[in-house]
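Please look over the sequence and the structure shown here before reading on.

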Amino acid sequence: MMISAIILAAGESRRMGQPKMLLPWGNVNVLEHVISVFVRAGIEDILVVTGAVREQIEETVVQYGKHYPVRSVHNKNYSHGEMLSSRQCGLRALTHPPLSSPVGVTAAALIGLGDQPQVQERSVRLVCKAFLQTESLLVVPSFQMRRGHPWLVARPLWAEVLEMHPPQSARNFLNAHSDDIHYVNTDTPSIFADLDTPEDYQAAHPDYR
C-alpha cells in the first residue's frame with residue numbers, strides 16, 4: 001500500500017522573524033533535512049505544501065526532486081487558513097493527482113512538519129510499519145502519553161478532514177476518532193519538538209548544542 005507524506009511548510013514564521021524552513025541545519029536547511037529523513041525512512045512520495053516564501057521553498061523542492069520523490073503544492077489560503085488549510089491542500093492534491101503523476105493510489109497520508117528537523121527516521125518507520133500491519137484508520141506516535149508528528153490518516157477519513165472548518169483543528173479530529181487511533185509508543189520527545197522561536201532554533205540546532 002502506498003503511503004505518501006505531506007510536509008507542512010506554508011507558515012509565515014512570525015515568531016522566528018525569518019523563514020525557519022530555510023535556516024541552516026548542518027550542511028542543508030531545515031526543510032531539506034526534514035525531507036531527507038522521510039526519504040531515508042523509505043517514503044516514496046513526498047508532497048511539500050508551500051505558502052509564505054513560496055519561491056525559495058519551491059526551489060528547495062525542485063532541487064531535491066531531481067533525485068528524490070519530492071514535489072510541491074501551493075496553499076493559497078496559507079495566510080488565514082491556519083494549519084488546517086495546509087493539511088486540506090495536501091490531501092486534495094493526493095486525492096486528485098495530476099495525470100502526469102507517476103504516483104499510484106495513495107492508501108494513507110503521513111502528516112509531517114517542515115519545521116521539525118528533530119524528527120527521527122525511526123519514528124517515521126514505526127508509524128508506517130504500524131499502518132501496514134494493522135491498516136488502522138489513524139496511527140499516531142506518542143511519548144509519555146503525548147501525541148506528536150508525523151501522524152498518519154488513512155484514505156477513508158480524508159473526506160472528513162476536507163470538510164473541516166476553522167477553528168476546528170487536528171486535535172478536534174483526533175479526539176473525535178479516539179477509538180480509531182492506533183498509538184505507537186516512541187522513546188523520544190522529538191515527535192513534538194518543532195522550531196517556533198530563535199531560542200528554539202538555538203537550543204535544538206546541532207551546531208549550538
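## The second largest pocket

The second largest pocket is lined by Met1, Met2, Ile3, Ala41, Gly42, Ile43, Glu44, Arg125, Cys128, Lys129 and Leu132. A pocket here is an open set of points on a 1 Å grid over the protein atoms alone, with protein on both sides within 12 Å along at least five of seven lines, and its lining residues have an atom within 4 Å of a point. This is a predicted model, in which local features need pLDDT of at least 70 and side-chain atom pairs count only at pLDDT 80 or more, while totals for chains, interfaces and linings use all residues. Residues are numbered from 1 along each chain as its sequence is written, and side-chain values use heavy atoms, with hydrogens and water left out.

The volume of the second largest pocket is about 160 Å³, a volume being the space filled by probe spheres set on grid points that are joined across faces, edges and corners. Helix α4 (121-134) and strand β1 each supply at least two lining residues, and α4 gives the most, with four; helices (H or I, at least four residues) and strands (E, at least two) are DSSP runs, numbered from the N terminus. By class, this lining has seven nonpolar, one polar and three charged residues, where Ala, Val, Leu, Ile, Met, Phe, Trp, Tyr, Cys and Pro count as nonpolar, Asp, Glu, Lys and Arg as charged, and the others, Gly among them, as polar.

## The largest pocket

The largest pocket holds about 1100 Å³ of space. It is lined by 42 residues, of which Met83, Leu113, Asp115, Asp194 and Asp196 are the closest to its centre. Two or more lining residues come from each of β1 (2-9), α3, β8 (146-147) and α6 (170-176), and the largest share, five residues, is that of α3. The lining is made up of 18 nonpolar, 12 polar and 12 charged residues.

## An enclosed cavity

The structure also holds one cavity of 30 Å³ or more, a cavity being a set of grid points where a 1.4 Å probe fits but cannot get out. The largest cavity has a volume of about 40 Å³, and the residues lining it are Arg87, Leu91, Ile111, Trp151, Val153, Val161, Met164, Ala170 and Phe173. At least two of its lining residues are supplied by each of α3, β9 (151-154) and α6, and the classes are eight nonpolar, no polar and one charged.

Asn75 sits in the loop between β5 (70-74) and α3 (82-95), and it counts as buried because its relative accessibility is 3%; buried means under 20% relative accessible area, exposed over 50%, and partly exposed in between (1.4 Å probe, protein chains only). A polar atom of the Asn75 side chain lies 3.0 Å from the backbone nitrogen of Asn77. Beyond its neighbours within four places in sequence, Asn75 is in contact (heavy atoms within 4.5 Å) with Val49, Thr50, Gly51, Ser85, Ser86 and Cys89.

Cys89 is itself buried, at 10% relative accessibility, and Cys128 is buried with a relative accessible area of 9%. A search of the whole structure finds zero disulfides, that is, pairs of cysteine sulfur atoms within 2.5 Å.

## Pro24

Pro24 belongs to strand β2 (residues 24-25) and is partly exposed, at 47% relative accessibility. Not counting residues up to four places away in sequence, Pro24 touches Asn29, Tyr201 and His205. Along the chain, Pro24 and His205 are 181 residues apart, while their C-alpha atoms are separated by 8.7 Å.

Note on methods. A polar contact is a pair of N or O atoms within 3.5 Å; within protein, one must be able to donate a hydrogen and the other to accept it, and residues adjacent in sequence count only if both atoms are side-chain atoms.
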